[in-house]
Amino acid sequence: TYEPTHIRKTSMTLAKRSEASALYEKSLDPELIEVATRRAIDLLVEHTNGKPENEILDIYPSSYKGKKVSTNKNFIENRLGIKLTTQEITNTLKPLGFDVLWKRDNLEVTVPSYRAKDINIPEDVTEEVARIYGYHNIPNKIMSGELPQQTINTPFRFESKIRNLLMGMGGIEIYTLSLVSVKESRGLKLKNPLGKETEYLRTHLHSSHEMAIKQNSHIKEPFFIYELANVYLLRKNDLPEEKMKLAISFSNYDYRKAKGVIEALLEQLNIESVLEEPVVDMGVFPNPGWVIRSKNTYLGELKSRLPVPEIYSEFDLDNLRSVSNEVRGFDPIPKYPPQVEDITFNLLGETKIGSMITEILSVTFVKEVQLKDIYQDAYTFSIKFQSDHKTLTNQEVEKIREKLILLVNKKFGATVKN
């Protein structure tokens with residue numbers, strides 16, 4: 001017999017494959033050598049009048065000691081789901097070369113040498129019983145009981161929903177390394193870092209996204225990337241807290257369009273959000289931006305940064321999920337038709353469009369306002385006038401329009417373009 005490791009190594013090194021190498025590298029049973037040798041001696045005596053020596057020379061330093069595996073009748077029956085007698089189990093194992101010893105319901109099996117490599121645990125003995133008994137003879141039973149209630153709004157389902165929504169808006173999902181340099185994080189330092197660029201666990205996703213944007217700076221077309229990943233926040237005398245974050249980075253994007261993507265995402269998640277401009281620096285980089293809240297719950301931030309042409313937003317995923325509604329509210333179709341008008345305002349440079357739309361919506365019978373077009377300082381809004389109780393007349397709409405224009409002029413200094 002031969003050492004299987006040596007046979008395999010030599011065969012692969014020389015690139016020579018043979019039937020013998022394919023067999024011996026699988027570790028053939030060395031106990032078969034004695035059987036083969038005695039048969040060869042018998043054939044030599046019979047056909048050539050050979051005279052054998054009194055002893056057979058057998059250099060066999062570590063002969064096979066019978067391996068024993070213990071189990072019991074209940075173990076086999078529980079795994080197979082059928083009732084068997086000790087005699088049936090014995091009659092199954094003995095023809096396979098196993099020696100069987102019963103002590104009441106406890107079974108000790110002596111494994112033959114040619115099965116020593118693949119029979120090691122009680123489950124292996126059970127498998128031998130099952131395959132000889134016949135898998136087709138084991139009865140099958142359909143599960144019974146009520147169907148489990150579907151879990152709504154689980155973390156994985158929520159993450160998958162966000163991925164699908166951003167992908168549908170044209171986003172590109174990325175995966176970045178959790179390890180960053182000291183310049184990019186104040187997180188936990190590794191004892192055995194691979195290099196200075198991977199010394200710390202990140203506490204935010206911005207530095208990873210900034211690098212991804214720089215690596216793709218040759219792309220002049222607008223694009224945005226997004227990532228759902230953990231950050232690692234320091235805790236005193238404890239391991240860092242793993243917190244799932246959603247980061248979205250826009251490159252070569254108009255700020256209004258980037259903000260529109262964020263608002264569309266929140267709308268699809270059925271989140272009523274409010275954007276507030278922070279008075280002090282609150283986040284990932286020093287430029288002022290917007291804090292996004294919903295019902296006094298902090299959701300994230302939306303910021304822009306120069307000289308890198310980037311707009312960046314980062315959300316706390318747990319907070320997003322806590323304020324997200326799985327089912328959208330339903331408003332019945334209005335019974336009375338609306339009147340829709342386009343009104344163009346000349347606005348000052350510092351006017352906040354969101355605040356202006358909020359003020360317009362506060363006017364009675366104004367149901368919907370959309371920014372339709374922009375040309376220099378002229379902003380055209382599409383405004384829907386509607387009542388839930390009657391059809392508005394032209395005279396009534398004219399009075400509402402005058403009230404609306406007066407309010408916008410007083411609050412924002414905006415004038416109607418003729």
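Reader: Hi! Which residues does L96 touch, not counting residues up to four places away in sequence?
Author: L96 touches P112, Y114, E128, R131 and I132 once residues up to four places away in sequence are set aside. Contact here means heavy atoms within 4.5 Å. This is a predicted model, where local features need pLDDT of at least 70 and side-chain atom pairs count only at pLDDT 80 or more, while totals for chains, interfaces and linings use all residues. Residues are numbered from 1 along each chain as its sequence is written, and side-chain values use heavy atoms, with hydrogens and water left out.

Reader: Thanks! And where is the place of L96?
Author: L96 is in the loop between helix 5 (86-93) and strand 2 (99-103). Helices (H or I, at least four residues) and strands (E, at least two) are DSSP runs, numbered from the N terminus.

Reader: Does L96 count as buried or exposed?
Author: L96 counts as buried, because its relative accessibility is 17%. Buried means under 20% relative accessible area, exposed over 50%, and partly exposed in between, using a 1.4 Å probe and protein chains only.

Reader: How about E227, what does that residue touch?
Author: E227 is in strand 7 (residues 223-233). Leaving out residues up to four places away in sequence, E227 touches I174, Y175, T176, R202, L205, H209, K245, L246 and A247. At 1% relative accessibility, E227 counts as buried.

Reader: H209 is on that list. Which residues of helix 8 are buried?
Author: H209 is one of them, along with H206, S207, S208, E210, A212 and I213. Helix 8 (residues 206-215) is largely enclosed by the rest of the structure, because 7 of its 10 residues are buried.

Reader: Nice. Switching to pockets: what volume does the largest pocket have?
Author: The largest pocket has a volume of about 1900 Å³. On a 1 Å grid over the protein atoms alone, a cavity is a set of points where a 1.4 Å probe fits but cannot get out, and a pocket is an open set with protein on both sides within 12 Å along at least five of seven lines; lining residues have an atom within 4 Å of a point. Grid points are joined across faces, edges and corners, and the volume is the space filled by probe spheres set on the points.

Reader: How many residues line the largest pocket, and which lie nearest its centre?
Author: The lining has 46 residues, and K259, E263, L275, G354 and I357 lie nearest the centre. Elements giving two or more residues to this lining are helix 9 (255-268), strand 9 (274-276), strand 10 (289-294), strand 11 (297-305), helix 11 (353-361) and strand 14 (366-375). Helix 9 gives the most, with 9 residues.

Reader: What's the lining of the largest pocket like by class?
Author: There are 17 nonpolar, 13 polar and 16 charged residues in the lining. Ala, Val, Leu, Ile, Met, Phe, Trp, Tyr, Cys and Pro count as nonpolar, Asp, Glu, Lys and Arg as charged, and the others, Gly among them, as polar.

Reader: Last topic, helix 12. How many residues does helix 12 have?
Author: Helix 12 (residues 394-412) has 19 residues and reaches 26 Å from its first C-alpha to its last, close to the 27 Å expected at 1.5 Å a residue. The expected span is 1.5 Å times one less than the number of residues.

Reader: Which residues in helix 12 are buried?
Author: V397, I400, L404, V408 and F412 are buried in helix 12. They are on the same side of helix 12, because they cover an arc of only 70 degrees around the axis. That arc is of the directions from the helix axis to the C-beta atoms.

Reader: And what is exposed on the other side of helix 12?
Author: Q395, K399, K403, L406 and K410 are exposed there. As for the buried residues of helix 12, what covers them includes strand 13 (339-346), helix 11, strand 14 and strand 15 (378-385). Just after helix 12, G413 takes a positive phi of about 70 degrees.
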